[in-house]
Amino acid sequence: MPNDTRRGFLGLVAGGCVLAAAPARALDQNGAVALIHRAVDEVYAVINSGRPAAQMLRDFEGIFARHADVDAMARSALGPVARQIGGAQFAEFKAAMQGYIARKYGKRFREFIGGRIEVGAARPLKSFWAVTSTAYLRGQNPMAVEWHVSDRSGRPRFFNIIIEGVNMLASEREEIAAMLARRRGDVAALTADLRQAG
């Protein structure tokens with residue numbers, strides 16, 4: 001499957017990936033698996049709802065906000081720059097990035113109608129949980145998908161997804177870094193552009 005289809009599929013299901021690892025302390029195996037079940041079920045409920053596209057995009061953003069650690073994602077995407085800007089500017093960037101991710105992947109929802117994800121078991125990996133699953137799309141071979149889950153934010157959230165060797169943590173982080181570089185490190189310009197992009 002082409003990389004863009006892989007990315008679109010995972011981005012849509014995940015609502016975007018959180019791009020910073022975090023330890024899972026109170027979180028157990030059942031909690032990690034339950035999070036992935038909830039996220040997958042919510043995404044497919046939206047896909048199959050028949051709502052207007054604009055409403056679906058708002059719904060996808062809500063799923064992203066509930067199940068992904070947007071703060072960690074934004075900090076990882078900006079790298080050291082996140083520590084150099086003020087709190088208000090960072091909050092604006094984080095909000096813009098949340099909407100950008102939801103629109104970017106949500107617009108591809110028609111590609112995934114009729115698909116499904118079978119969620120498997122979880123195993124401890126370093127300081128978090130790795131939840132296995134298999135994704136099925138119409139006309140495509142099954143794909144192995146691994147979700148990394150922690151509760152460092154205060155409740156269970158996923159922060160990375162690996163599909164057939166494609167690490168979404170790395171690819172999304174690189175994309176945002178490249179966008180910032182093209183704007184010569186101007187976070188305000190990046191934030192403004194993210195509000196319109198996706």
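Biologist: What sits over the ring of Phe90?
Modeller: The charged end of Arg75 does, at 4.1 Å from the ring centre. Bear in mind that this is a predicted model.

Biologist: Which other ring has the charged end of an arginine over it, that of Arg116?
Modeller: The ring of Tyr136. The charged end of Arg116 is 4.0 Å from its centre.

Biologist: Let me step back. How many helices and strands does the protein have?
Modeller: There are seven helices and five strands. Along the sequence the order is α-α-α-α-α-β-β-β-β-β-α-α.

Biologist: And how much of the protein is buried?
Modeller: Of its 198 residues, 49% are buried.

Biologist: What share of the contacts joins residues at least 24 apart?
Modeller: The figure is 64%, counted among contacts between residues at least 6 apart in sequence.

Biologist: Back to the helices. Why is helix 4 described as largely enclosed?
Modeller: Helix 4 covers residues 70-78, and seven of its nine residues are buried, so the rest of the structure largely encloses it. The buried ones are Val70, Ala72, Met73, Ala74, Ser76, Ala77 and Leu78.

Biologist: What covers them?
Modeller: The cover includes helix 3 (53-67), helix 5, helix 6 and helix 7 (187-196).

Biologist: What follows helix 4?
Modeller: Gly79 does, and its phi is positive, near 65 degrees.

Biologist: Now helix 5. What span should it have, and what does the model show?
Modeller: Helix 5 has 20 residues, 87-106, so at 1.5 Å a residue it should span 28 Å. Its end C-alpha atoms are 28 Å apart, which agrees.

Biologist: Which of its residues are buried?
Modeller: Phe90, Phe93, Ala96 and Met97 are among them, and the run from Gln98 through Gly99, Tyr100, Ile101 and Ala102 is buried too. Towards the end of helix 5, Lys104, Tyr105 and Gly106 are also buried.

Biologist: At what angle does helix 5 pack with helix 6?
Modeller: The angle is about 120 degrees, and the axes of the two helices are 14 Å apart. Helix 6 runs over residues 168-182. The crossing is right-handed.

Biologist: Which residues meet there?
Modeller: From helix 5 they are Phe93, Met97, Tyr100, Ile101, Lys104 and Tyr105. On the helix 6 side they are Met168, Glu172, Glu175, Ile176 and Met179.

Biologist: Are Phe128 and Phe159 buried or exposed?
Modeller: Both Phe128 and Phe159 are buried.

Biologist: What about the pair that Trp147 forms?
Modeller: Trp147 pairs with Phe158, also edge-to-face, at 5.6 Å centre to centre and 75 degrees between the planes. Trp147 is in strand 3 (residues 143-150) and Phe158 in strand 4, so this pair ties together parts eleven residues apart in sequence. Trp147 and Phe158 are buried as well.

Biologist: Where is Trp129?
Modeller: In strand 2.

Biologist: Why does Trp129 count as buried?
Modeller: Its relative accessibility is 15%, and buried means under 20%.

Biologist: How far is Trp129 from Gly31?
Modeller: Trp129 and Gly31 are 98 residues apart in sequence, but 9.6 Å apart in space, C-alpha to C-alpha.

Terms used: Residues numbered from 1 in each chain as written. Predicted model: local features only at pLDDT ≥ 70, side-chain atom pairs only at ≥ 80, totals over all residues. Heavy atoms only, no water. Helix = DSSP H or I, 4+ residues; strand = E, 2+ residues; numbered from the N terminus. Expected span 1.5 Å × (residues − 1). Buried < 20%, exposed > 50% of the residue type's maximum accessible area, 1.4 Å probe, protein only. Phe/Tyr/Trp six-rings, centres within 6.5 Å; stacked < 30°, edge-to-face > 60°. Lys NZ or Arg CZ within 6 Å of the ring centre and 35° of its normal. Axes fitted to C-alpha atoms, helices over the stretch in contact; angles between N-to-C directions. Left-handed = near helix turned anticlockwise from the far one by under 90°. Contact = heavy atoms within 4.5 Å.
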